[in-house]
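Here is a short briefing to read alongside the model. Keep the viewer open and follow the topics in turn.

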Amino acid sequence: MTFCEKCDQIPEIAPSEGRLYLWPPVAHTTGKILANIKKLGHSAEKSASVATLYLDYVRPGLRPLIDAISENLLPEEIADTKALIMAGSMEPQLDDIARVTSLGAIRAQIGAEWLGDMLRENRLKSVFQPIFAAENITKPYAHECLIRGTDKTGNVITPDKLFGAAQSADLLFQLDRAARAANVRNAHEAGISGNLFINFTPSSIYDPDSCLRTTIDVVSECGLDRNKVVFEVIETEKVRSIEHLGAILKSYRDSGFRVALDDVGSGYSTLNMLPQLQPDIIKIDRNLIDHVDQDKYKQAIVSKLIDLAKQLDIDVVAEGIERQGELDFLTDYGVDYVQGYLLGRPNAVPFAGGA
């Protein structure tokens, strides 16, 4: 099993001096870019070997240059204009094709340099939310590990900001890998010896055998029981390829881990996945849990989900429980595990009582 170069390396955004290559999608876009460059007082050259434009730059002038180039371009033009940064005056070679991205992505990467710095300096922390067996809500069955970032002064960076920046800057692979590894290490350092739920996004994994290698090695490094580690697919409803997700889950299972699907019941697609993916655990979409004790439609759906899971030997976690009425209903209907603010909020210190 080999390492994934894309996941395991945090790319430098740009060298101090270099050349920005651009491949506009149509002639009209090329004309707008050339006009913007001329207005800035720069000039662009056409490459002799490839049909593209290029401009030399010296940092920190790269961001203003890209902003000027992007002026008056439609969002679609910014997204469809391919771009590549080369050191010095080098021309792109075959090996550089994999680094070609969009003008918008490079612009976002420069704006998200703080994220690359944070990943290089390993400034990722974890908070832990307890999950309880429905029949015993005094001692956790497991903890779900939730990632947080910290800036250079120690302020917390929320997951939505982290993953939003990573998505736009094409750093999702690196952030997701680093978050998985950090959650495992942080849970081990926090003294959690019970079950762990570790989140991951399927879109951040190309080849399971290589992309997951680092995470598996960290689990081994920490001496954790693999059967107590549950890898949880988040944003299940956004999965585009069930076959790809199936390959990821198979890789985890073959390595001795368990797998869970999040947000089941949020749409027909998540139910349709169950026969193909055969997860060990499903989490019912929190929108179905909200006031389920007072909504007969939600009650019908949730009770059928629990019955279906029992027939398939799948454990069920009800998450997002915030009211006693919700907990009572779910317990009465035989849900296996429960999670939510009513029972325990995410905290840097694991829930008292072990797990």
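Two strands pair if DSSP finds at least two bridges between them. Helices (H or I, at least four residues) and strands (E, at least two) are DSSP runs, numbered from the N terminus. This is a predicted model, in which local features need pLDDT of at least 70 and side-chain atom pairs count only at pLDDT 80 or more, while totals for chains, interfaces and linings use all residues. Residues are numbered from 1 along each chain as its sequence is written, and side-chain values use heavy atoms, with hydrogens and water left out.

**Strand β11 and its partners**
- Strand β11 (residues 258–264) is largely enclosed by the rest of the structure, because seven of its seven residues are buried (under 20% relative accessible area; exposed is over 50%, partly exposed in between, with a 1.4 Å probe and protein chains only).
- On one pairing, β11 runs parallel to strand β10 (residues 229–233) over four bridges, and Val233 stands opposite Leu261 of β11.
- β11 also runs parallel to β12, with three bridges joining them; here Ala260 has Ile281 in β12 as its bridge partner.

**The protein overall**
- The protein has 15 helices and 14 strands, and 50% of its 355 residues count as buried.
- Among contacts (heavy atoms within 4.5 Å) with a separation of 6 or more, 70% are between residues 24 or more positions apart.

**Backbone points to check**
- Most residues other than glycine have a negative phi, and most peptide bonds are trans.
- The peptide bond from Arg59 to Pro60 is cis, with omega near 15 degrees, and Pro60 sits in the loop between β3 (53–58) and α3 (62–70).
- Asn122 has a positive phi, near 55 degrees; this residue is in the loop between α6 (113–120) and β6 (124–133) and is exposed, at 52% relative accessible area.
- Gln278, also not a glycine, has a positive phi of about 45 degrees. Gln278 belongs to the loop between α12 (268–277) and β12 (281–284), and is exposed with a relative accessible area of 54%.

**A loop residue at the surface**
- Leu312 lies in the loop between α14 (296–311) and β13 (315–318), where Leu312 is partly exposed, with a relative accessible area of 44%.
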